[in-house]
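Subject: Structure handover

Hello,

Here is the structure I promised to pass on. Please open it first, then read my notes below.

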Amino acid sequence: KIIQKKIFQINNDHLNLRLLLTKIQEEQNKLTEIQNLSTSNSTEVKALRRNLNRSLTEIIRRISIAIATFTFTLMGLSFGASISRHQSSRLFFLIGLAAFYLVSYFVAKSIEYQLIASFILYLAPHGIIIFFSTRNWLKLSKGIE
């Protein structure tokens, strides 16, 4: 029975961007088609919206991963440069920022069907990291530690 039930589903993680955009377009077309019908089933509409949100969240996740390379590089440059000989607590702050990004990434991955919440959780840590890194870099460039 296990061998006979071969149901393969292609997850959004496995699609390239072109196929993912095509899937989003198809889901939007299905959603508008079902909403135009007067006998639309609310559970079917909810399922289509949920699938559409998952696909849109996948694009946001990919953007977040692409931005992460730049934000972590900026964070490394900013907090890696030091002007004093004594250690400070910047290392713990740096680890805290990286852990904050990872926690928010995995929380957003777990709620991928909620578009707005996952959008905030994927992209807000980048803004926070950029803010603190830029602030630290400007203080270092002025000679303030």
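Which elements of the protein have the lowest and the highest mean pLDDT? Helix 1 (residues 17-36) has the lowest, at 85, and helix 4 (residues 115-141) the highest, at 93. pLDDT is the predictor's confidence in each residue, from 0 to 100. The protein as a whole has a mean of 84, and 86% of its residues reach 70 or more. Where pLDDT is low, the predicted coordinates should not be read in detail.

Some ground rules. This is a predicted model: local features need pLDDT of at least 70, side-chain atom pairs count only at pLDDT 80 or more, and totals for chains, interfaces and linings use all residues. Residues are numbered from 1 along each chain as its sequence is written, and side-chain values use heavy atoms, leaving out hydrogens and water.

Overall build

The protein has 4 helices and 0 strands. Both are DSSP runs numbered from the N terminus (helices: H or I, at least four residues; strands: E, at least two). The pattern along the sequence is α-α-α-α. Of the 145 residues, 26% are buried, meaning under 20% relative accessible area with a 1.4 Å probe, protein chains only (exposed is over 50%, partly exposed in between). Take the contacts (heavy atoms within 4.5 Å) between residues at least 6 apart in sequence: 72% of them join residues at least 24 apart.

Helix 2 and helix 3

The axes of helix 2 (residues 42-80) and helix 3 (residues 90-110) come within 12 Å and cross at roughly 180°. Axes here are lines fitted to C-alpha atoms, for helices over the stretch in contact, and angles run from 0 to 180 degrees between N-to-C directions. That makes helix 2 roughly antiparallel to helix 3 (the cut-off is over 145 degrees). Residues that meet include I65, F72 and M75 from helix 2, and F93, L97 and Y101 from helix 3.

Two buried residues

E58 lies in helix 2. Its relative accessibility is 2%, so E58 counts as buried. Beyond residues up to four places away in sequence, E58 touches N12, D13, L20 and K109.

S118 sits in helix 4. It counts as buried because its relative accessibility is 0%. Setting aside neighbours within four places in sequence, S118 contacts T57, A108, I111 and E112. S118 and A108 are 10 residues apart in sequence, and their C-alpha atoms are 4.6 Å apart.

Best wishes

Notes:
Angles under 35 degrees count as roughly parallel, over 145 as roughly antiparallel, 65 to 115 as roughly perpendicular and the rest as oblique.
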